[in-house]
Amino acid sequence: MSAVARLRSWEGLLLVLLVAIVAMNVLRSPYYLGVTNIANLFQLSIEKIIVALIMTLIIINGEIDLSVASVMGLSACVLAWLHQMGVPLPLAIIASLGSGLAAGLFNGFWVAYVGLPSLAVTLAGLIGFRGIARILVEDRSVGGFPSWFNTLGQQPVFGPVTASIVIFFVLFAIIAVVLHGSALGRLVYVIGNNLQAARYSGVRVKWVKMALFATSGLIAALAGLLYAARLGAVRGDMATGFELDVITMVLLGGVSIFGGSGNLIGVGLSILVILNLRNGMGLASITGNTQTSVIGALLILSVLVPNMTQVLQSRWKGRNT
Amino acid sequence: MKKYLLAAASLAALVCIGGIASAGDIAPGKSLDMVLLPKFLGILPFDQAHKGAEEAAAELKNGKKLQFLGPTPENSVAGQIEITTNATTQGVAALMLSNNAGDQIVPAAKAAQAKGVKVVTWDSPIPTSEGEDVFVAQVDFNDIGKVMADMALSTIGDAGGKFAVLSASPDAANQNAWIAAMKVALKDGKYAKIQLVDVVYGNDQSEASYNQANALVDKYPDLKLIMAPTTVGIVAASKAMQDGKLCEKVKVSGLGLPSEMLAYTKNGCAPQFALWSFVDLGYLAYYTAYGLASGAFKAEEGASFHAGRMGDYKITKDPTRAKGLRILMGPFTVYNKDNVEAASK
Amino acid sequence: MTEPDTAYTSPIAPVRAAIPAVGRRPILETHGIAKHYDATQALDDISLALYPGEVHALLGENGAGKSTLIKIITGVVQPDRGEIILAGDRVALRSAAEAQRAGIAAIYQEPLLFPDLTVAENIFVSHQGRGVAVGWARMYREAEAILAELGVAIDVRSPARGLTLAAQQSVEIAKAISLNVRVLIMDEPTASLSAHEVTQLFRLVQGLRDQGVSILFVSHRIEEVFEIADKVTVFRDGHLISTRPRAETSPQRAIADMVGREMGLLKPRISGPRGDLLLSVRGLGREDVFQDVSFDLHRGEVLGFSGLIGAGRTDVGLALFGIEPATTGSITLSGKEIVIRSPREGMDLGIAYVSEDRRQLGLSLPMSISANITLPMLHRYLDRFGLIRQDMERATAEAFRKRLSIRTRSVDVAVAKLSGGNQQKVMLSKWLNTKPSVLILDEPTRGIDVGAKAEVHAIIAELAAEGIGIILISSDLPEVLAISDRVLVMREGRAVAIFERKDANQETVMTAAMGRSSASTGEDAA
Amino acid sequence: MNWIQRRIRPEQVRELSLLLLIILAVLLFGSMIDGYYTSRTFNRIASSVAVITIVAVGQTLVVLTRNIDLSVGSIVGCTAYFVGTVLGHFPDINPLMAILMAVVLGALIGAVNGALVAWGRVPSIIVTLGTLAIFRGLLVDLSNAKTVTTDSLPHWLVDLPQLRLFSLFGLDIPVLFLLAVAIVLIFQAGTGYLSLGRRFYAIGSNPDAAALIGLPIRRLVFLAFVLSGALAGLAGFVTLARFGNITVESGRGLELQVVAAVVVGGVNIFGGSGTVVGAMLGAIMIGTLEQSLYRLQISEFWRDAVLGWLILMAVASDAVILQRLRALWGRADLKYVAPAARGATSQ
C-alpha cells in the first residue's frame, strides 16, 4: 500500500467518522447545532488546536516537541510576571512571545546542531520550561489584565466568533500553504522520510529543523497568551498535560510518528473529529476523564486497525499463493 | 424528616388554596434541569453534598434528574469553564457551582446568566460575585477565620509559637477568604503569642499536600501547628506527621471530615478540627437553586424561603465580599476526641 | 607496473587441506535452485556441492546472483524452485535461525554484532541451551579459549561497539566455531580489510578448513580467491558458468568466465576529441580514508575510477561533492581554485554526485518522480510568493522522462513504484537538472538489468558528447573499460595508476588494483 | 590506564560520576540548609525515592527494548486505589496477599500495553499515550469518585512507612526503601546474570541481528511491559501505604519523573544500554532534588527548572562525552598471536 493511497483512504475514514459523530450529536442533542455551540466547540480547545498545526510539521519532519504545553505556560507566566512588575502589556506580550521563540530556538539548537534525540531534549524542555514558569509566578494566580486583553480571548469579534478562532483559521490556511505549497513544506517531507537523501541533495537539514522548532516555540507562546486571555488569569501550572492532547490530534490525523507522511487535511479532520466528540460527550453530560479515555482509545485504534487489516490481508494472500 | 416533608407539602397546599403566595414557598413537582458542579470529582465532601442535593431533589419531586458533573483536579479551572459553557448550551435551569476558578469563571458564568441560567454558588463563591445570583455560604467566613484562630491558639497553648497554613489551590476563593479572615482575627491581642509564618498550597491532592506538610516542618524546625482548611490537606498533613513520628511536636488542625480524621484525633495528631455538614450544604444549595429557577423567589436582598427540613432562610448582603448576596447556612461543629467518634458514624 | 604478468603465483604459500576434498560425501548440496525478483531472474537452476574441509570460492559480477544464493542457503529468502540437501537429507530452511541450528552460518561484509553486548556474549548469544543463568566466568574463559585458538586476542569483556571491522569478523568467526558450524559462508569478508588483516583472516579460514569446516568464500578480489580457494565457481547473470579445482583454472580464465559475454555485449563508446581542462585535483586526501589523489578531468571526457571495494573511490567522490570534505590537497575547477565544504557548495559550483545507494542516499522513495527530480534545484521552481510551481516541475520531469525514456504512466507516481533501472534514470535526471559541468557517477549500473544498463551507458556517452566531464566510479570492470577515455585505479586509499584507454585492459587494471603483493602494500597502509 | 579500562567500562564511569554528582548535591544542600543532615531528611528522601525507583526499574526494562511506557502513572493510581478499596472492605487480608494483588493487577494492565505493542504492532509511545488516559478514565468512572481514606485501611498498612527493620549509622532504613533496594538488586542481577535479561539488551541493541538469530522479539517486548506493569503495581501498593488516602488522581504525572530518572540514570532512550542501578541513581538524584528544594525558601519552585537542565545535560553528556570515552576504550582492540593448540576449548 503506497503512502499516497494510504493517506487518501485515511482521510476517507476520518471523514466517515466525523459524519457519524456529527449525526450522532445532532440526534442526541437539540442544542448541538446552535451557532454559539459550534463556536464554543472551537473556543474551548482553541489553544490546543492552534499548537496541533505546528506539531504536524514537526512530526512529519521526523521529530517531536513534547515541550509545547510548558512553553504555553512559560509565555503566559512571563506575561503575568511582567504585568505584575508594571510593564505595559503590549511590551509584556512581545516579551512573552520572545520567550517562546527563545525556548524553541533552545530545543532546535540541541536537536539540529548537537544532534540529540528530540524526544529527550523536549522532555527536558517539558519539565524545565514549566519550572521557569513556576519560578516566575510561584503559586500565585495572577489576573487583573486590562479588559482589552481579556476581550481578545473572550468577546466575539463577529457573530459568536472570537479573535482566537479567527487566528486559528488564519494559521491553518498559512500552514496548509507552507506545508503543501512551499519549498519549506517540501523539504519537511523529504527530511522526514529520508534524511540522508535530503543531505545528499544539498538540503540544509539543520536549518530546516531549527526553523521548525523555533516556529513551534513561537506558536506555542501565542497559544499560551490566548489561553491567558480566555481565562483572564495566569497560574504556573497552566496548560499542564496539553501536549498529550495535541500529539493525539496530530497522530489521529494520519501523521506517522516516524515522520515523512501525513498532511494537514487529515489533521484538520482529526481536530474536527476530536472536538465534536468532546462537545457531543459534554452535551451528553460525560465529563473530563471519560472523554480523554475515549479519545485515547481512538488514538490506539487508529493505528491498530490498519495494522491488523494489513496483517490479515497478507495472511489471506499467503494462503492463496 | 418525613414529618418536615408533610408539613412543607401541606403548607404549600394551604398557600395555594389561600391564593396569597407568601414569598419563597417553593412549589415542588416542577421539571427543572439542574447541574451540581463541584470543584472536582473524587473527594468525599463533594460526594456528601451530592447526597444532600439528591435528597432535596427527591423532596421537591423534580421531574428531571440532577446532573452531578465535575472536572479533574489537574485541569479544574478549564474543566469548570467547559462544563459551565456546555450547561449553558443545554439551557439548564440552574447551575450550582463550587467555584475553583477564582474570577476566571466570570465570563462563562455571565454567559450562563445571559441565557437565563440561575447561577448559585455554594462552598466557594465567585470573588467579585459577577455572574453569580447568590452564594450559599456554609458559615460566615469571618466566623471561620475566628474559629481557625481559636483552634490554633488552644492547640498551640498559651506558651504560643509558630504555625503555618496548608491550603487547597491558590484560586480557591473560599480558602483564600477564610485565611484572610483569620489574619484579621489574629490581629486581636489575645492571639499575640501565636504567629502565622507561611501559607502553602497542596492543590487538594494527597501527594502534594503530604510533601508540603513535611516541607513546612523542615522549613520551620520550631513549628507547632499546621492549619489545613481543606479536608484533603488536613488528612495528608496528619498522615505526614504520624509517619514522621512528629505528632508530639507538630499538631494538625483545620477543617476535616470526622470519618477521615477519627484516627488522628484519637491518637492526638489532630486534637481538634472543625466542619459543617456538606450534606446540608448540598441540600440547601439545591433548594435555593430550585426556588430561584422555579421563580418562587428572586435573588435579591431580603427575599426569604422555606428549605424543607432545614427551615427558613433569608437572602442578605454578603459582608465578606464587596458586593454579592449570600444565604448563610451555619452552624459548624468543632470536633475533638469526645464527639468525633459519634460524628464519624 | 602496467605490463601484465601472466604466470600467476600466490605470494602466500597456501596451507593444504589435511584431507583431500575429493571422493567424500558433500556436506551441502543445492539442486536446481531458482529465484526471481519480479522482473529479473536472480538465480536459474543452480546446482552446487560443498565438501567438508574445502574452501569453495564464488566469483561473479555484481548482480550475478551470488548474494541471492547466500540468502537462500542461510534461510533468509526462500527459493522458487530447487532443493537444499544437508549431509544427505533434504532440508527446508525457513529462517536464518534454523539454518544456524542446522550448522550453517554466514559472515557478512558488515558483521551483525550487538554493539552493547560484550565480545564474549556476542560469541555465545545465539546458543540456545546455555542454561538460564549467564556463567560469566565460564563464558569469558571459553570465549578467550576460542579466540586464542584462532590466534587472535580481543578483550572479551569489552562491548562489541567500537571494535574494528577485522576484530568484528574475528568475533563472527569465533561465533561460528562456538556453534561448531559445518558450513561457513563468507560474503566479501575482505572488502574493507587492510592487506595485513587479510593475511590474518586467511590464516583463520585455513584453520577452520583444517578442522573440516566447509567454507563458501565470496569475493571480488580474484587474487585472494586464488590464494585461499580449493575450488572456484563462477556465476554470471544468475547462471552457474563453471566450477573448477583451483589447479585447473587461473585468474585470467575466471575473469573470462565472469565477464566474457558482457565484453561482447558492451559496445565500446566512441570517445570524442578531448575538450579543454575542466577539473584538476592535486594531492587530495582525508585522514585514514584516502591520501594524495591527483588527476585531471577534461570536458567531454569519461574518467573511469576502478579499484576494489573499499579502495576509497567513493570517498574521493564524496569529497569532491562536499559531503565528506577533503582535508588536504587542492581542487581547481575551470581555472579557479575552489574549496568545497558542503553539498550545497558543490552543487553551486556545478558538481553533481549520483550516489551508489539509490534507496538510502539517492531518492525519497514515497515522493513523486517530479518532486525527486527538482529537489536539488527547488529554489528555481518558486513563484514570487515562494510557492512551488508544480506545472514547471512537471514540465521538467516530462522533459527528462522523454530524454532518458523513463518508463512510467505519469511523473506524479511515487519513485518507489519504479523498477531499479528507471529509479536510476530518475537519479540521473535529478542531477542533470542541476546543469553540472562535472558529473560523478557512483556505481550507476549496480543491480539493474542488462537492458537498462545499456541505456545508462548510452546516456553517459550522450552527456560526454555534450561536453560534461564525467567521473565513472564502478566495480564493473568491463563497463569501465568500455566507456572510459582514461581509467584511474585506486588501491587502499591511493591513486596507483592512470591508464590511457589503449593501455587499459582486464589484466593491467586488475593487477594495478590488487598490487603485486598485498602483503607488502598492506604494511604501509597499516 | 589499560588496567582501569579492563575493569571499568565507560558506562560505569558515567554511573560513578552520577553518584559523585549526588554526593555533591547533598553537600551543597547541607551547606545551604541547617539541620539537613538528619535521619529525618534521609527518611524523607528514601521513602520518596522508593516509589520512583520501583517504577523506574520497570521502565528501564521497557526502554532497553527500544520502547517506552508512559502509562505507569495511571497504573500506579489504579492499583493503589483498587487495593485500597479491597483492603477497606476486607481489612483482615494477609499483607502478602495484598501485595500480590497489587502486583498481579499491575501485570495484567501491563499485559494490555504489551500485547498492543508486540502483536498489535502499534508504536509503544502511541499505545501508552492512549492507555495513560484510558486507565485513568476507567479508574475515575469505576470508582464513581470516592476516596480511599486512611481510616478504612488496616493499621499494619498505615504504619508501614514508619516501620524500620534496622538502622545504619544511626539512620533508620524505612522498610519501603529496603523493598525498592531489593527490587533493584533482583533486577540488576536478572538483567546481568540471566540470559533472558541479556536478551532485553540484545533486541534493543540491534533488532536486525536479534531477528536474524531468531530471538523471540515480540515475546520479550511483551514480557518487558508486563514486568513494567507489575512493578508499577507494586509501586501502587507503596503509594497506598505512604499516603494513606488515595484519590482517583493518585500517581498522575509520575511517568515524567520516572522517564526522567531513567534518562538521567544513563539508560539510552533508544534502547540497548543502561542499567537498573543507573536508573536507581537517577531516581535518587531526582528524589534528593525534589525533597531538598522543598526546604529552601521559595526555591521549591526551582525544582523543575533544575531537573529539566539535569536531563538535558545527562543526554548531552551521553551523546558527547560517553562517545569519546567509548572511542578511547574501543582502541583496546584486536592483536594477532600464535594460535593456541586445539583442545584448549575441549572441556
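**Chain D against chain A.** I looked up this contact and found 40 residues from chain D and 36 residues from chain A; two residues are in contact if their C-beta atoms, placed from the backbone, lie within 7 Å. The model is predicted: local features need pLDDT of at least 70 and side-chain atom pairs count only at pLDDT 80 or more, while totals for chains, interfaces and linings use all residues. For my bookkeeping, residues are numbered from 1 along each chain as its sequence is written, and chains are lettered from A and ligands numbered from 1 in the order in which they are written.

Which elements of chain D give two or more residues to the side that touches chain A? I noted α6 (124-142), α12 (254-264) and α14 (303-330) of chain D. Helices here are DSSP runs (H or I, at least four residues), numbered from the N terminus. The largest share of that side comes from α6(D), with 14 residues. Sorted by class, the side of chain D that touches chain A has 30 nonpolar, five polar and five charged residues. My classes: Ala, Val, Leu, Ile, Met, Phe, Trp, Tyr, Cys and Pro are nonpolar, Asp, Glu, Lys and Arg are charged, and the others, Gly among them, are polar.

**Chain A against chain B.** Here I found 23 residues of chain A in contact with 22 residues of chain B. On the side of chain A that touches chain B, α2 (35-43), α13 (264-283) and α14 (288-320) of chain A each supply at least two residues. The most comes from α2(A), with three residues.

**A helix pair in chain A.** I then checked α3 (residues 46-60) and α8 (residues 163-181) of chain A, which pack at an angle of about 10 degrees with their axes 10 Å apart. The axes are lines fitted to C-alpha atoms over the stretch in contact, and angles run from 0 to 180 degrees between N-to-C directions. So α3(A) is roughly parallel to α8(A), a label for angles under 35 degrees. Among the residues that meet are A:Ile50 and A:Leu53 in α3(A), and A:Phe168 and A:Leu171 in α8(A). The contact divides into 13 nonpolar, one polar and no charged residues.

**Domains of chain B.** The assignment gives domain 1 (34-139 + 278-331) and domain 2 (141-275); such bounds come from an automatic or database domain assignment. I noted that their C-alpha centres lie 28 Å apart. In chain B, 17 residues of domain 1 are in contact with 17 residues of domain 2.

Terms used. Angles under 35 degrees count as roughly parallel, over 145 as roughly antiparallel, 65 to 115 as roughly perpendicular and the rest as oblique.
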